[in-house]
Amino acid sequence: MSGVWVFKKNGVIQIENPNHDQAGSSNSSAGGKRKEKVLVHLATGEAVSSYKSLEQILCSLGWERYYGSSAADHKNHKHTNLFQFHKPSSIDLISLPTDFSKFNSVHMYDIVVKNPNVFHVQDIYI
């Protein structure tokens, strides 16, 4: 179900995506290239290309690295399967895979929702 979704008070309306034909495949405008999603920092217009750059942006927005619940976990960085951020002023937690190559659109949209007007997800063709 491709397309743009608009959320209204009385329900959800889907607006068709003009870049898809009836079979659901992309038009030739992409030149047969593969479509991927990237997380874009709106203030700079740059795509987030590493956790180092993402961490710098998130820390500037008040997010802190979160290492776990106990002091021992924090000291020893026990939760090595997740790269996490917590914002002290909220109950939000951003959990990301430690391997940046596994960072996908689900993680990107989680960041967008928790940081309105700071990031957006954009399609690129590679």
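Phe85 has a relative accessibility of 0% and counts as buried, where buried means under 20% relative accessible area, exposed over 50% and partly exposed in between, with a 1.4 Å probe and protein chains only. I start there in what is a predicted model, where local features need pLDDT of at least 70, side-chain atom pairs count only at pLDDT 80 or more, and totals for chains, interfaces and linings use all residues. Residues are numbered from 1 along each chain as its sequence is written, and side-chain values use heavy atoms, with hydrogens and water left out.

Now the rings. Rings of Phe, Tyr and Trp (its six-membered ring) pair if their centres lie within 6.5 Å; planes under 30 degrees apart count as stacked, over 60 as edge-to-face and the rest as tilted. The count by this rule is five aromatic pairs. Phe83 and Phe85 make an edge-to-face pair, 5.1 Å centre to centre with 85° between the planes. Phe83 is buried as well, at 10%. Phe100 and Phe103 are stacked, with centres 5.2 Å apart and planes at 20°. Phe103 is buried at 9%, while Phe100 is partly exposed at 26%.

Next, the core. A nonpolar core is a set of buried Ala, Val, Leu, Ile, Met, Phe, Trp, Tyr and Cys residues joined through side-chain atoms within 4.5 Å. The largest has 18 residues, and those with the most contacts inside it include Phe103 and Ile111. Helix α1 (51–60) gives the most to this core, four residues. Helices (H or I, at least four residues) and strands (E, at least two) are DSSP runs, numbered from the N terminus. Contact means heavy atoms within 4.5 Å. Leaving aside neighbours within four places in sequence, Ile111 contacts Leu39, Leu54, Ile94, Leu96, Phe103 and Phe119.

On to the sheet. Three strands form an open antiparallel sheet in the order β4-β3-β8; strands pair if DSSP finds at least two bridges between them. Two bridges join β3 (residues 35–41) to β4, and His41 stands opposite Glu46 in β4.

Last, which residues does Val118 touch, not counting those up to four places away in sequence? They are Val40, His41, Leu42, Ala43 and Leu61. Val118 lies in the loop between α3 (105–114) and β8 (119–125), and is buried at 16%. Val118 and Ala43 are 75 residues apart in sequence, yet 6.9 Å apart in space, C-alpha to C-alpha.
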